[in-house]
Amino acid sequence: MRRKITDVRARLSRALRGQFEEEIARSTARMRESIAPYTRFVRTEGEKLRETDERLGQLKTDLERVRQKVVGLAA
């Protein structure tokens, strides 16, 4: 009798574990789906920031060249 109880308990445990694993997988998929728009937004904005940073770096270089020319002309 104890063996039957142990076997039933083990089968129930495996079944519950399987259900929990399935629910965790579904929940994870739902979470990924719900944050996907934000992830895309962050990537897009990050790319825009990198482009802006590059442009600012180029402007800084250009302004430094102009400053050096002005200093050279003033001397």
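Hi everyone, let's start with charge: the chain carries 19 positive and 12 negative side chains, and the centres of the two sets lie 11 Å apart. Here Lys and Arg count as positive and Asp and Glu as negative, while His and the chain ends are not counted. The place of each charge is taken as NZ of Lys, CZ of Arg, CG of Asp or CD of Glu.

A quick word on what you are looking at. This is a predicted model, in which local features need pLDDT of at least 70 and side-chain atom pairs count only at pLDDT 80 or more, while totals for chains, interfaces and linings use all residues. Residues are numbered from 1 along each chain as its sequence is written, and side-chain values use heavy atoms, with hydrogens and water left out.

Now the overall shape. How many helices and strands does the chain have? There is one helix and there are zero strands; both are DSSP runs, numbered from the N terminus, with helices being H or I of at least four residues and strands E of at least two. The radius of gyration is 31 Å, well over the 11 Å that the globule rule gives for 75 residues, so the chain is more spread out than a compact globule. That radius is taken over C-alpha atoms, and the rule is 2.2 Å times the number of residues to the power 0.38. Along the principal axes, the C-alpha atoms fill a box of roughly 105 × 20 × 5 Å.

You can follow that shape through pairs of residues. Arginine 30 and glutamate 51 are 21 residues apart in sequence, and their C-alpha atoms are 32 Å apart in space. For glutamate 47 and glutamate 23, which are 24 residues apart along the chain, the C-alpha separation is 35 Å.

Next, the surface. What share of the 75 residues is buried? Buried residues make up 1% of them. Buried means under 20% relative accessible area, exposed means over 50%, and partly exposed lies in between, using a 1.4 Å probe and protein chains only. The chain exposes about 7,400 Å², and carbon and sulfur atoms supply 60% of that area. These areas come from the Shrake-Rupley method with a 1.4 Å probe, and for residues only the protein chains shown count as cover.

Leu16, Phe20 and Ile24 form a nonpolar patch on the surface, with about 320 Å² of accessible area together. Patches are made of residues with over 30% relative accessible area and no salt bridge; like charges are joined within 9 Å, and nonpolar side chains (Val, Leu, Ile, Met, Phe, Trp, Tyr) within 5 Å. Isoleucine 24 belongs to helix α1, which covers residues 2–74, and isoleucine 24 is exposed, with a relative accessible area of 54%.

That brings us back to the charged side chains. A salt bridge is a side-chain nitrogen of Lys or Arg within 4 Å of a carboxyl oxygen of Asp or Glu. By this rule the count comes to seven salt bridges.

Aspartate 62 forms a salt bridge with arginine 65, with the closest N and O atoms 3.4 Å apart. Aspartate 62 and arginine 65 are three residues apart in helix α1, so about one helical turn separates them. Aspartate 62 is partly exposed at 31% relative accessibility, and arginine 65 is partly exposed at 48%.

Some of the bridges also link up: Glu23, Arg26 and Arg30 are joined into one network by salt bridges that share partners. Within it, arginine 30 pairs with glutamate 23, the closest N and O atoms being 3.1 Å apart. Arginine 30 is partly exposed, with a relative accessible area of 47%, and glutamate 23 is partly exposed, at 33%.

Where does glutamate 47 find its partner? Glutamate 47 bridges to arginine 50, and their closest N and O atoms are 3.3 Å apart. Glutamate 47 and arginine 50 are three residues apart in helix α1, so they too are separated by about one helical turn. Glutamate 47 counts as partly exposed at 38% relative accessibility, and arginine 50 counts as partly exposed at 48%.
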